[in-house]
Amino acid sequence: MEERPAPQRRRSARKSGGRAGRHAARAAGAAGMAVHPGMSGGAYKPLGDRDIERIHDAALHVLETIGIGEPIPEILDAALPKGCTLGDDGRLRFPRALVEDMIAISAKEYVLHAPDPALDHELKDQRVIMATSGESVQILEYATQRYRPTKLVDLYDAARLADRMEHIHSYGQPFIAAEWSHDVYTHDMNIGYAALAGTRKSFALGIAVADHIDPLIQMFDLYAGREGAFLERPFCTFGGCPIVSPLRFGKENAEVLVKVAKLGLTGDVAVAAQAGATAPATLAGALVQTFAETLACLVVMNLIRPGSAMNFGMWPFISDLRTGSFSGGSGEEALVISAMTQLANHYGLITSAPSGMTDAKTMDAQAGYEKAITTLSAALAGANMVCAYPGIVGSLIAQSFEGMVIDNDMMGAVLRVLRGIEVTDETLAVPVIEKAVFGEGHFLNQPQTLEVMQTEYLYPEVADRSSPGDWHESGSPTIYDLAHQKVQQILSSHYPEYIEPAADAAIRDQFPIQLARADMRAGNGRWDPTPHTSEQE
Amino acid sequence: MANDVDDVAGDEQEIVLSELPDDELVQQMYDDMYDGLAEEIGESTRILLDRGWEATRVLEEALVGGMNIVGIDFRDGILFVPEVLLAANAMKAGMEILRPILSETGAKPVGRMVIGTVKGDIHDIGKNLVGMMMEGAGFEVVDLGVNTSVDEFMAALKEHEPDILGMSALLTTTMPYMKVVVDALKEAGIRKQLIVMVGGAPLNEEFGRNVGADAYCRDAATAVERAKELVAARRAAA
C-alpha cells in the first residue's frame, strides 16, 4: 500500500467556504460578472456620414432662420449679447457659429453621482447605462389588470424595487404622485424624499418649478449631513422638457434649465416632438427639428454657464397617423432613437435616449418585442443613458411593477448583446474541444466551463427556462406571474433605511413629508402575499 | 466585486483536517464536497477510517450526507451543473477509497444502476449527466452508452444484477423503444426485480407510466432523488 500523504495544511486556492460561502455569493447576485454598466455601444449606425452632415446643416439652418419662440427673459439676457437676435415675431434666432461654438465648449463627460458613491457612473464616449424614466400617471395593478392613479407610496415602492434591479443603473422618477398634483410644492418635496428613502442609486426628478430646486437641495443637504454637500456630489438631476414642439420654449421647464445651469448642475432634458404631429412626418425631418430644439437647450445652458453638462435628450417620438396618437414601440421609434444617438455621439455629446415605451396595455408579447427592439437599438447605438422605461405600459400612461422586473431581465440581455464576444486564445478553446472529444465527449465538467459559467452567460431572474412539464406542474405561470412573485418578495421585505434617523427627523421637521413612517416598514399590509396568487411550493 | 465574494467565503482560513474532531470534520467534508475538493474528501475519508469509523458510516453520514446538500442546492437553482459535477467528482474520490472495503465487508452498496440510451438514439448528454450524478450520490453505474438494443440491455442486466435500469431517449421516434425493453423484462420474468427509470427531453410522467417504468425523471437531480427513494423502499419491503 502506498504511503498516505501527511496531513497537510490546506488552503483552497479556487474557492472555499462551502455552502454558506456559495449562498452568500449567489445572493450577492451575478453583478458585474457577465455584464456591467458602462460598456461601450456605437456599433449600430443607421445614418451615413453624409446624412449626419445634412441633418446638422438643416438643424442649424432651422435655428438660424426659424429660431425658437417664446424665449423667457433670462434666456434673452444671456443670448442677445452673444449675437442671437429676437425677431418681431418674438422668436429667438441663433447664429450658426454660436451654436457650433456652444457644442464645442459643452461638457462631453460628467460623473453621475449616486447617494452611494459605489454606484456613481461616468457618462462619456459611448458608454451605456440603463435608467428608469417616466412621469406616467397610473399603475397597472397585477390582480385586477386595471389602471389606477399613482400615489406617493407607489413612488416609494418603485424606488425600492428599482434599488434591487441589477440592470437599472439610475433611477428616473417613473411616475407622479397623483394625489398631490394639486399642491406642486408638497408633490415635489415628496418625490425627492421618496427617491432618497427608496434607493441609493442616482436619481432624476421631473421638476417644473424652478423655485422648488433650492428647497430640494436643502433637503438633500440634510440627508448628506452638511450644507453644500449636495452640490459637491449632486446625486439628483432635475429636468423636464424645456421645449414645446414645434420650436417654442416652455416657460416653466426653461426656467428650470436656466436654474440648473446657474447652479452648475447637469441639465436633464427630454425634447419629445412627435413625428407626424408636432414634428415632420418624415423621420429625417423629425430628426432635424428635434436636433435643433435640443441644441437650443444646450446653447442656453452653455451661454449661462460655459462648459455646462447636459444629457442631450433628443427624443423624437412617433405618431400613429391612423389616430394621431403617440406611439412608443415601433421599428420607426427604434430607428429615430438610434439615429439621434448616432448624431449626438458624432459631436461627443452626452446622450440620453428613450426606449421601452410600449403601446401594449399590459406586459404581453407586444410589450416584450416593442421594448426589446427599442432598448437594444438605443444601447447598440451607444446612448450614454438609455432611459428604458422599465415597467412602462400603455404608451407612457402607466407603470407596472411586474413590468419593471421583466424589463430588468430584458435590459440585462441587451447589455449582454452590447458586451459582444471576446475572442482570445483561451476563448477559442481549441485544446478544450480536443480534451472533450477525446475524453468524456462533453464539456459540462471541463474546468473552462466552470470558470466561465457566470462570466460568459447572464442568467435571467424571471424568464422561465424550465421544461414544459415543470411549467405545467407549477401551474403554467406566465412571466408576468413569476414577476409578480418577485415584486411581492422584494417589496414585502426590502425596506431600506437609507436616511439616517436624525436626518429623517430634520427633513420631516422642515418639509411637508406625506410618506407615513408606518408605510415604510415591513408588515404594513401593502405587499403581504394575497391568498389568490398561486405560490410555488 | 470578486473580492467581496472571497471575503464572504473566508478564503484565507487554514484548516488541518486531521486535527478536527469528528463532527467538525464531517461538517468540513460537507463544505469540501460542496466545493468539489476531491483531494480533501479523499484525505478526510481516510482520517475517519483511521479513527475507526465503519466504511458504511463514512459513506452514509459523511459522503452521502454531503451530496444530499449538493442535490438540494442544485434543485433550488443555487448550484450549476458544472459545480455539481465537480462535487460528484469529489464524492467519487471518497468512494474509490471506500468501495474495496465495502465489498470486502459485504456491505450493501448504495445501489447499482445499468444505464443506456435506447436503440436508434445517440443523444447521450442527459444520460451521461444522470450517470455522473448517480455516481456522485454513491451509486455504482454501468453505462452501456448509446444505441443500446434489448439484447445488450438484457446481457448487462444478467451480468451486473443492478437495482436499477435507466433508459434515455431524446427523439420521439426512439422513445417507444423503452416499452420494447420493459416488455422483454416482463417476458424474461425479471421486471419485478428491477427499478426501471426513464428520462429524456420529450418524455413526461404519463409516458413513463405507459411504458411501464417505475419512475420518469425530468432531470438528473430528480433521477438521483427518485433512485434513492425507490431503492430504500425496495430494501425496506424486502
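Are A:Phe291 and A:Phe312 buried or exposed? Both A:Phe291 and A:Phe312 are buried; buried means under 20% relative accessible area, exposed over 50% and partly exposed in between, with a 1.4 Å probe and protein chains only.

Some conventions before the next selection. This is a predicted model, in which local features need pLDDT of at least 70 and side-chain atom pairs count only at pLDDT 80 or more, while totals for chains, interfaces and linings use all residues. Residues are numbered from 1 along each chain as its sequence is written, chains are lettered from A and ligands numbered from 1 in the order in which they are written, and side-chain values use heavy atoms, with hydrogens and water left out.

**Aromatic pairs**

The whole structure holds 16 aromatic pairs over all chains. Rings of Phe, Tyr and Trp (its six-membered ring) pair if their centres lie within 6.5 Å; planes under 30 degrees apart count as stacked, over 60 as edge-to-face and the rest as tilted.

Select A:Phe220 and A:Phe238: the ring centres are 6.4 Å apart and the planes are at 15°, so this pair is stacked. A:Phe220 belongs to helix H7 (residues 213-224) of chain A and A:Phe238 to strand E13 (residues 236-240) of chain A, 18 residues apart. Helices (H or I, at least four residues) and strands (E, at least two) are DSSP runs, numbered from the N terminus. A:Phe220 is buried at a relative accessible area of 0%, and A:Phe238 is buried at 1%.

Return to A:Phe291 and A:Phe312, whose ring centres are 5.9 Å apart with planes at 70°, so they form an edge-to-face pair. A:Phe291 is in helix H10 (residues 283-304) of chain A, and A:Phe312 is in the loop between strand E18 (310-311) and strand E19 (317-320) of chain A.

Now extend the selection to A:Phe203, A:Phe220, A:Tyr223, A:Phe230, A:Phe235 and A:Phe238, which form one aromatic cluster.

**Cores**

The largest nonpolar core has 157 residues, and A:Phe94, A:Met219, A:Phe220 and A:Phe238 have the most contacts inside it. A nonpolar core is a set of buried Ala, Val, Leu, Ile, Met, Phe, Trp, Tyr and Cys residues joined through side-chain atoms within 4.5 Å. H10(A) gives the most to this core, 13 residues. A separate core of 59 residues includes B:Leu25, B:Ala55, B:Val141 and B:Met197.

**Charges over rings**

Select A:Arg26 with B:Phe80: the charged end of A:Arg26 sits over the ring, 4.6 Å from its centre. The criterion is NZ of Lys or CZ of Arg within 6 Å of the ring centre and within 35 degrees of the ring normal. B:Arg57 is over the face of B:Trp53, at 3.6 Å from the ring centre.

**The sheet of chain B**

Show the strands in the order E3-E2-E4-E5-E6 (chain B): these 5 strands form an open sheet with parallel pairing. Two strands pair if DSSP finds at least two bridges between them. Strand E3 (140-143) and strand E6 (215-216) of chain B each have a single partner strand, so one side of each lacks a neighbour in the sheet. Strand E4 (residues 164-168) and strand E5 (residues 195-199) of chain B are joined by 5 bridges; B:Ile164 has B:Ile195 as its bridge partner in E5(B).

**A buried aspartate**

Finish at A:Asp407, in helix H13 (residues 401-419) of chain A. A:Asp407 is buried, at 2% relative accessible area.
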